[in-house]
Amino acid sequence: MINAEPQHNPQPEKIEFKKLTWKQTLKSLGPGVIFMLTGLGAGDLVDSSVAGSHYGYALMWVLVIACMIRFIVVNILTRFELCNIEKLSLFEAYTRISKIYPFLFMTMAIVLGHMAISNMVKGSGEALYYIFNGFGSPFFWSVIVIISCFFLLRTNVYSQLENVMKVLLAVMTIAFIYLALTSTPDPNELAKGVFTFEMPEGTGLFGSLAITLSMIGAVAGSIVNFLYPRSIRAKGWNDSSYKKIQRNELLFTIILMIIINLSIWVVGAEILRPQGIEVTSLSDIARALEGEFGRIGGLAFYLGVFGALYSTILGIIHGYNNVAMDNLWIINPERKEKYFTTESDPLYKYIAIFFMFSAFIWFIPGMPGFIELTLMTTILQAACLPAIAIGLLFLATRKKYLPTQFLNNWFENIVLIGTTVLALWSSYKIVIELF
């Protein structure tokens, strides 16, 4: 008689997480910072300053919630990318839920890519117009921006250029932090803005509800959140042993994002609002810096704006284009077998050209300006959050995809459900308010 081997319940696999010294930790900072620089463009700058100048600290709680949402959503996305049992890409996993997802993500990437690049091209043109002391026109400098992007994307100089842009962004950040500290914000008002969940009355494009939804779209992000899992793969973080390193790096990035956004908000609340300056253009924001530093302050602001927007244009052309191509290849796998890399697919070039040159549509007289276009873009981003959150609820709670120790906890599930409900409700209210 043959004795059967005893059956054991499978035990969770023990993961040996990689450990770094503090020097190695500093060197590891990269994917999150690049992700933040790609996402920290017009939306954060405009929404925080508009909210501060119109409503003081009343809506600051939205910023806290939006940053929390972004950390949780991106962390779950990345955890799935690193730890899923079948080594699926995120887009392949979403296709397991519904065949509609690749069509949805491809459409979102192209539409939001066009909108985001359009407002950054307009903003870059305005910034250069000021930097060169009114020479030419914003449209002229926007044409220069597009032409330079067209040629830079065909070369290998972007990595060097990005370092320069980070320095320019740092100049603007330091200027805003200095202004925020010297404007002596009231700690009681800050605490009230963060914890009382006040929703002041307001209507129209700059109504409190529109700004709330726009801020969630700008800070919490949508399709741009898929760029972070892609960047960690490029860095070589490709399995669950990198999970703690990735989480800590992402947390550092979110903290840095909060500091930058809070500084911009305080400038809006303490400097723009008391002077009655309502933000309808970049020059309105620059007036705060000019009042403190003179021409040097305005120049520092516009250099930082140009650095943030210009580097983001190149990042979005590449990142959103790859999102669109990844999903196109899922729809049409023959193209993947034929071209091997997304950049070698001819459609990649055509989408990039569309992104760049379709931006000129928004220069037709009567079209929305930079601030309005930015708010429209971030509202669309927020409207895309439910589809991503619902998919994550399905993927990150199933043992068929993830080991038990990497499944969502109850708090993460509550955040995803709350995000979905908030975005759906807010989208409905915005449609009713506008139409």
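**Group meeting: helix packing in a predicted model**

Okay, let's start with helix α5 (residues 90–97) and helix α17 (residues 370–395): their axes come within 10 Å and cross at roughly 85°. That makes α5 roughly perpendicular to α17, a label for angles of 65 to 115 degrees, with under 35 being roughly parallel, over 145 roughly antiparallel and the rest oblique. The axes here are lines fitted to C-alpha atoms over the stretch in contact, and angles run from 0 to 180 degrees between N-to-C directions.

Who makes this contact, meaning heavy atoms within 4.5 Å? From α5 we have Ala93, Tyr94 and Ile97, and from α17 Ala387, Ile388, Gly391, Leu392, Phe394 and Leu395. By class that's eight nonpolar, one polar and no charged residues.

Quick housekeeping: this is a predicted model, where local features need pLDDT of at least 70 and side-chain atom pairs count only at pLDDT 80 or more, while totals for chains, interfaces and linings use all residues. Residues are numbered from 1 along each chain as its sequence is written, and side-chain values use heavy atoms, with hydrogens and water left out.

Zooming out, the protein chain has 18 helices and zero strands; those are DSSP runs, with helices being H or I of at least four residues and strands E of at least two. Of its 435 residues, 53% count as buried, that is, under 20% relative accessible area with a 1.4 Å probe.

Next pair: how are α6 (residues 100–131) and α14 (residues 295–331) packed? Their angle is about 160° and their axes are 8 Å apart. That makes α6 roughly antiparallel to α14. By class, this contact has 32 nonpolar, six polar and two charged residues.

Sitting in α6 is Met120, and at 6% relative accessibility it counts as buried. Met120 and Ala359 are 239 residues apart in sequence, yet C-alpha to C-alpha they are 9.1 Å apart in space.

Which of its 113 residues touch the most other members? They are Tyr94, Phe105, Phe226 and Phe301. The largest share of this core, 16 residues, comes from α14.

Let's finish on Phe226. Leaving out residues up to four places away in sequence, Phe226 touches Leu77, Leu90, Phe91, Tyr94, Phe105 and Ile388.

Technical notes: Nonpolar A, V, L, I, M, F, W, Y, C, P; charged D, E, K, R; others polar. Core = buried A, V, L, I, M, F, W, Y, C linked by side-chain atoms within 4.5 Å. Buried < 20%, exposed > 50% of the residue type's maximum accessible area, 1.4 Å probe, protein only. Contact = heavy atoms within 4.5 Å.
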